[in-house]
Amino acid sequence: MNNILIVGGAGYIGSHANKLLSKKGFKTVVFDNLSTGNRELSRWGEFVKGDLKNPADLLRCFKKRRISAVMHFAACAYVGESVTEPAKYYRNNVANTLNLLDAMRAAGVKKIIFSSSAATFGVPSEIPITETHPQSPINPYGRTKLMMEQIIADYAAAYGLEHVFLRYFNAAGADTSGEIGEIHHPETHLIPLILDAAAGTRKDIKVFGTDYPTKDGTCVRDYVHVSDLAEAHALALDYLVKSGKSGGFNLGNGRGFSVREVIETARKVTGKAIKATAAPRRPGDPPVLIASSARAGKILGWRPALFDLDTIIKTAWAWHERRIP
Ligand code: UFG
């Protein structure tokens, strides 16, 4: 196996995949423009600063080295921002992916693993969400991820691209060694914000919506450890190489936790008082998102190891504490 190109490998999930692949003996090349990624997270393999919007950056990158497969993590990923700035999302996520796919074609690279999202499903009509659930996203972010799936599938049919779509539910936690973890500017995700409140760098955590039709009125999500997501990429690569088949897989633990349950677990794990304040619903939040990952288990052999919410929050807290100034 030659190099694995990790596009967006300086981001939260991409950096964990980079670490795992490197530990497994793959040669990795991270391609990242560092607009939201962090150089300090790209600690393994080679680092190439480049931008998907510049075809020349991509051509140079593919020309200089033999690439066996691409993992595509790079995307803008704030649901709220995608509503107010759709142009940014369609241009960066969709148009720039075309540049990547065209560069792959030019270089004769035939394998891609694409970071898709639970956001492609919209408001689910059935829980847990399997791969046969209709995909009807309710915000521009989700639509860009679905469009990218469709574009890759069309390229596959026409140009013979083998592909795996990995649809993450709520990525959370941090590498157990504490070397890498979540860094977002601004941070909008529930667990890091709760941990800010635990650390005292934020006065409280706002609970967005307390009148949902759920067990305690707050939204339910399927939190999946980022290192388990990384493992799914290694398995997907193996699947592409060995079977030559393509497919989409939902990745979650199959268990839902409400916002209030996550806060309670964080109080227990950190031993800190965390003030929670009821706030209005955040537009575009489905009440419940829980994955069925039976297909990933059966076909890829994916078995999440860090599925326990305590463990997920413990690893996130260890990373968080190291970074408190
Ligand atoms: N929440 C709060 N208070 C906060 C932040 C979040 O109550 O300060 C709630 C949200 O309303 C939601 C839950 O916590 O119910 C989780 O919110 P996150 O922002 O952590 O995650 P999302 O479920 O909105 O988004 C994640 C990914 C997206 C992806 C989406 C797919 O971050 O990229 O899952 O459903 F699109």
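Which helices each supply at least two residues of the lining of the second largest pocket? Helix H6 (190-199) and helix H10 (309-323) do. The model shown in these views is predicted.

**View 1. The second largest pocket and its lining.** The space in this pocket comes to about 340 Å³. Its lining counts 18 residues. Closest to the pocket centre are Glu 182, Pro 192, Asp 196, His 320 and Arg 323. By class, the lining of the second largest pocket holds nine nonpolar, five polar and four charged residues. H6 and H10 each contribute at least two residues to this lining.

View 2. For Arg 282, the distance from a polar side-chain atom to an oxygen atom of the ligand is 2.6 Å. For His 189, the corresponding distance to a ligand oxygen is 2.7 Å. For Arg 221, a polar side-chain atom sits 2.9 Å from an oxygen atom of the ligand. The ligand taken alone exposes 680 Å², and the protein buries 91% of that area.

**View 3. The shell around the ligand.** The ligand is surrounded by 22 residues. The closest are His 189, Leu 190, Lys 206, Arg 282 and Asp 285. The shell divides into 14 nonpolar, four polar and four charged residues.

View 4. Strand S8 gives the most to the shell around the ligand, with four residues. Domain 1 (3-172 + 224-251) and domain 2 (190-222 + 254-292 + 305-323) each provide at least three residues of the shell.

**View 5. The largest cavity.** How many cavities of 30 Å³ or more does the count give? The count is one. The largest cavity has a volume of about 40 Å³. Asp 222, Tyr 223, Asn 253, Arg 255 and Phe 257 are among the residues that line the cavity. Phe 307, Asp 308, Leu 309 and Ile 312 also belong to this lining. Sorted by class, the cavity lining has five nonpolar, one polar and three charged residues.

Key
Residues numbered from 1 in each chain as written. Predicted model: local features only at pLDDT ≥ 70, side-chain atom pairs only at ≥ 80, totals over all residues. Heavy atoms only, no water. 1 Å grid on protein atoms, 1.4 Å probe; cavity = no way out; pocket = protein on both sides within 12 Å on 5 of 7 lines; lining within 4 Å. Points joined across faces, edges and corners; volume = space filled by probe spheres on them. Nonpolar A, V, L, I, M, F, W, Y, C, P; charged D, E, K, R; others polar. Near = heavy atom within 4 Å. Polar contact = N/O pair within 3.5 Å; in protein donor to acceptor, adjacent residues only side chain to side chain. Areas by Shrake-Rupley, 256 points an atom, 1.4 Å probe, with all protein chains shown as cover. Domains from an automatic or database assignment.
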